Amino acid sequence: MSGTSNTLMTRQERGTGVIPELSQTLVEEYLRCGLRWQFRQDPHHGRYSTIPITIGVSVDRASHEDCQAKLREQQLPLQDIVDLAVTEYGNQAAANEYTESRWEIGRGKDSTVAAAVAYATHTSPLIERLHCSQKRRTVRLVLPSGREVDFAGTPDYETEDGLGDLKCGKKWQRYRAVQSRQLTAYGLLYLNEHGHWPAHVWIDNVFHERNRWSAQRIWATRSDADYRAFLHILERAVDGMEQGVILPAPEAAWYCSPKWCPFYRRCPAVGV
Ligand code: SF4
């Protein structure tokens with residue numbers, strides 16, 4: 001790889017960062033919507049969720065167990081994957097608060113079954129030569145100003161091909177995988193651990209479209225320019241968080257909706 005790679009980060013040890021460790025999830029949430037990030041920081045807002053988000057969490061949980069079985073060189077039967085997802089859906093539904101009705105929450109369970117079947121049928125067979133699953137990694141990054149921050153993330157899986165992430169819910173278009181900051185961030189964590197970029201990054205997308213669940217894999221790669229851009233964006237996010245800059249989601253953002261934002265019914269930016 002080019003020398004640029006070495007300028008992106010220095011050492012891995014922890015401890016003297018000016019701000020607390022940043023997680024990829026929270027940084028991305030801040031970049032998408034500062035208000036949602038702020039809601040998440042406030043313990044009084046409890047654990048709100050929506051049915052589509054819960055379905056995604058449930059399939060993600062089943063996938064993790066599926067990957068653990070693969071690492072033991074076992075293959076989970078389809079029914080086990082479905083049962084794991086349904087159990088997680090029940091746990092989440094009991095633990096979280098929803099604005100949807102009990103009837104709608106019950107229908108979400110049926111949808112979880114169909115999503116888990118799509119994962120087991122289409123996505124699981126593609127997850128081969130697995131190295132690890134949901135392994136949390138941290139890295140100390142040097143931002144363009146020279147400031148250092150500790151950054152953490154948990155890619156869904158690493159295989160001989162690189163890094164993949166499971167997304168369950170909306171159908172992804174190719175451009176989203178190509179531009180995904182999350183995949184870029186995971187690439188940085190991979191670089192820190194292996195000394196080179198992942199050969200590929202990809203999204204395993206289990207999606208609901210025209211009343212049925214299906215799945216696709218979208219491959220992408222990353223260049224040094226992607227990583228430099230990410231560090232610039234990360235520095236702007238850190239500055240914004242520290243200075244208390246709290247912006248709402250951009251106009252017409254798909255995730256600013258009752259379906260995809262758990263805080264929609266409480267959000268001043270939509271007139272509540
Ligand atoms: S409803 Fe929209 S603006 Fe409000 S927190 Fe959710 S995503 Fe952000």
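Visitor: What makes S2 and strand S5 a pair?
Guide: Three bridges join S2 to S5 (residues 157-159), and pairing requires at least two bridges found by DSSP, so the two strands qualify. S2 and S5 run antiparallel, with Cys132 standing opposite Glu158 in S5. This is a predicted model, in which local features need pLDDT of at least 70, side-chain atom pairs count only at pLDDT 80 or more, and totals for chains, interfaces and linings use all residues. Residues are numbered from 1 along each chain as its sequence is written.

Visitor: Which residues have pLDDT under 50?
Guide: Residues 1-18 do, on a scale of predictor confidence in each residue that runs from 0 to 100. The model has 28 contacts beyond four places in sequence for residues 1-18, a contact being two residues whose C-beta atoms, placed from the backbone, lie within 7 Å. For the protein chain, the mean pLDDT is 90, and 93% of the residues reach 70 or more.

Visitor: Why are S2 and S8 said to stand at the edges?
Guide: The open sheet of five strands has the order S2-S5-S6-S7-S8, with mixed pairing. S2 (130-133) and S8 (212-220) each have a single partner strand, so one side of each lacks a neighbour in the sheet. The twist averages 20° from one strand to the next. The labels refer to DSSP runs numbered from the N terminus (helices: H or I, at least four residues; strands: E, at least two).

Visitor: Which helices lie on this sheet, and at what angles to S6?
Guide: H4 (residues 51-71) lies across S2, S5, S6 (162-169) and S7 (200-209), at about 145° to S6. H8 (residues 181-194) packs on the sheet, touching S6, S7 and S8, and its direction makes about 150° with that of S6. Axes are lines fitted to C-alpha atoms, for helices over the stretch in contact, with angles from 0 to 180 degrees between N-to-C directions.

Visitor: What order do the strands of the open sheet of three take?
Guide: The order is S1-S4-S3, with mixed pairing. S1 (22-23) and S3 (137-142) are the edge strands, each pairing on one side only. Two bridges join S1 to S4 (residues 148-153), and these strands run parallel; Leu22 has Phe151 in S4 as its bridge partner. H8 touches S3 and S4, at about 95° to S3. S3 and S4 run antiparallel and are joined by six bridges. Their hairpin has five residues between the strands, and Gly146 there takes a positive phi near 100°.

Visitor: What makes the shell around the ligand nonpolar by count?
Guide: By class, 13 residues are nonpolar, one is charged and none is polar. Ala, Val, Leu, Ile, Met, Phe, Trp, Tyr, Cys and Pro count as nonpolar, Asp, Glu, Lys and Arg as charged, and the others, Gly among them, as polar. Of the 14 residues around the ligand (C-beta atom, placed from the backbone, within 6 Å), Cys33, Pro248, Cys256, Cys261 and Cys267 come nearest.
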